[in-house]
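Q: I would like to go through this structure step by step. Could we begin once it is on display?

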Amino acid sequence: MAAAPGSLPGCGVCAVAVCHNPIIRFVSADPNDFRNGRHVVYRLHAHVVLVTKYRRGAITDRVGELLIATTREVCERHDVTLVEADGEHDHLHLLLDYPPKISLSTLVGAIKTNSSRIVREQNWPEVRQALWGQHFWSPSYCVLSTGGAPIQAVRAYIASQREPNRRPGRPGRA
């Protein structure tokens, strides 16, 4: 979800206290979409793109459904929410809501390993014809962070932290 121009994503402090800085506001209208752990309040989303080996068109409707179902199972085991998933014949897009304790590279590795194994076990002709050997996914992948403020807004906010007209521990007033 995109942030409004000049705004910063909500933080744990702003989620539970009245924020007096007009440039700090929630990215979404619902402040309850934050998740929390024992010592952390967070909202982390990643857009992951997985590409088939050689960008071959091996993802048919039934292959895609199995890939998404397998991805959902892997995500549940890692305390990750698969928010959205879809793709085309040669790649799959995943929108993940994940906790900060999760390494995205480990999660993506688990998704690719498990989904490749499950699809290969089906021995479907469309996969056999498009891909040879035991590989299904390309070894690379793309991860993009989602939401948040523009870098310049974050830089300005950080640079203003020691301004003299601020009370300690409170956001400055505009």
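Q: What order do the strands of the open sheet of 4 strands have?
A: The order is β4-β5-β3-β6, with antiparallel pairing. Two strands count as paired if DSSP finds at least two bridges between them. Strands (E, at least two residues) and helices (H or I, at least four) are DSSP runs, numbered from the N terminus. The model is a predicted one, in which local features need pLDDT of at least 70 and side-chain atom pairs count only at pLDDT 80 or more, while totals for chains, interfaces and linings use all residues. Residues are numbered from 1 along each chain as its sequence is written, and side-chain values use heavy atoms, with hydrogens and water left out.

Q: Over how many bridges do β4 and β5 pair?
A: They pair over 7 bridges, in the antiparallel sense. Glycine 87, for its part, stands opposite leucine 92 in β5.

Q: Which strands does helix α2 touch?
A: Helix α2 (residues 61-77) packs on the sheet and touches β4, β5 and β6. Contact means heavy atoms within 4.5 Å. The direction of α2 makes about 155 degrees with that of β4. Helix α3 also packs on the sheet, touching β3 (45-52), β5 and β6, and its direction makes about 140 degrees with that of β6.

Q: Stepping back, how many helices and strands does the chain have?
A: There are 5 helices and 6 strands. Along the sequence they follow the pattern α-β-β-β-α-β-β-α-α-β-α.

Q: What share of the chain is buried?
A: Buried residues account for 39% of the 174 residues. Buried means under 20% relative accessible area, exposed means over 50%, and partly exposed lies in between (1.4 Å probe, protein chains only).

Q: Why does leucine 104 count as buried?
A: Leucine 104 counts as buried because its relative accessibility is 18%.

Q: And aspartate 90, where is that?
A: Aspartate 90 lies in the loop between β4 (81-88) and β5 (91-97). This residue is buried, with a relative accessible area of 9%. Not counting residues up to four places away in sequence, aspartate 90 touches Leu50, Val51, Thr52, Arg55, Arg56 and Ile59.

Q: Changing topic, how many salt bridges does the structure hold?
A: The structure holds 5 salt bridges. A salt bridge is a side-chain nitrogen of Lys or Arg within 4 Å of a carboxyl oxygen of Asp or Glu. One of them joins arginine 35 to aspartate 97, with the closest N and O atoms 3.3 Å apart. This pair links distant parts of the chain, as arginine 35 is in strand β1 (residues 35-36) and aspartate 97 is in strand β5, 62 residues apart.

Q: Are those two buried or exposed?
A: Arginine 35 and aspartate 97 are both buried.

Q: What does arginine 62 form a salt bridge with?
A: Arginine 62 pairs with glutamate 126, the closest N and O atoms being 2.8 Å apart. Arginine 62 lies in helix α2 and glutamate 126 in helix α4 (residues 125-130), so the pair ties together parts that are 64 residues apart in sequence. Arginine 62 is partly exposed, at 38% relative accessibility, whereas glutamate 126 is buried, at 17%.

Q: Lastly, how many disulfides are there?
A: The structure holds 0 disulfides, a disulfide being a pair of cysteine sulfur atoms within 2.5 Å. Cysteine 75 is buried, with a relative accessible area of 1%, and cysteine 142 is partly exposed at 32% relative accessibility.

Definitions and conventions. Axes fitted to C-alpha atoms, helices over the stretch in contact; angles between N-to-C directions.
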